[in-house]
Amino acid sequence: MAGTSGSPAEGAPPGDASDTSSADNAKTTKWRMDLLLIFGMVLIACLFLVIRHVSRESAIKNEKSDSLVVTAEVNGKVWGSWSLDENHVIEIDTDYGHNELTIRDGAAYMTDADCPDKYCMQMGKAMRTGDNIVCLPHKLVIGIASPPASDAGGSSDLDIDTVAR
Ligand SMILES: [Zn+2]
């Protein structure tokens, strides 16, 4: 009787031990699950950050190219203006000479000129507010500006004046 009553009591500790070991197992698997979950969350967070960064960058780009205008001034007077996000090839023929301005893929650049120094053709691409291309012999200034509607700040005009000096 004592043995039978003892056997359950004896059986209890192994049962307990197995219980704790299984609980340990459950704990470690839970730990692993937690780690996996945390890892996954970090990964997702990183992904989100990257996506947000990229989409924000492209949004800024779109905003810029949408709102910018290419202007040509000859001898201080506006000769013409064109949207920077449309492709154009503009022949600028004035009393001072001939220039060919190309606007393509959100950038404006001089593709031909009959000025003696050809400096304007080496000035590269203008694509941001304040950028400009100057052809001194032809008194020609190509500038990038915000559209007149949003000219309240007037800072873009100031930029052009200071750079074109
Ligand atoms: Zn030139």
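Start by selecting Ile-133 and the residues that it touches: leaving aside residues up to four places away in sequence, these are Tyr-109, Met-110, Cys-120, Met-123, Ala-126 and Ile-142. Touching here is a contact, with C-beta atoms, placed from the backbone, within 7 Å of each other. The model you have open is predicted, so local features need pLDDT of at least 70 and side-chain atom pairs count only at pLDDT 80 or more, while totals for chains, interfaces and linings use all residues. For your selections, residues are numbered from 1 along each chain as its sequence is written.

Stay on Ile-133 for a moment. Is Ile-133 buried or exposed? Ile-133 is buried, because 26 other C-beta atoms lie within 10 Å; the cut-off for buried is 20 or more, against 12 or fewer for exposed.

Strands are DSSP runs of E with at least two residues, and helices are runs of H or I with at least four, numbered from the N terminus. S6 belongs to an open, antiparallel sheet of four strands, ordered S2-S1-S7-S6. Its edges are S2 (77-83) and S6 (132-135), each pairing on one side only; pairing takes at least two DSSP bridges.

Pick Val-70 and you will find Ile-144 of S7 opposite.

Finally, zoom out: the protein chain has two helices and seven strands, running α-β-β-β-β-β-β-β-α from the N terminus.

Notes:
Contact = placed C-beta atoms within 7 Å.
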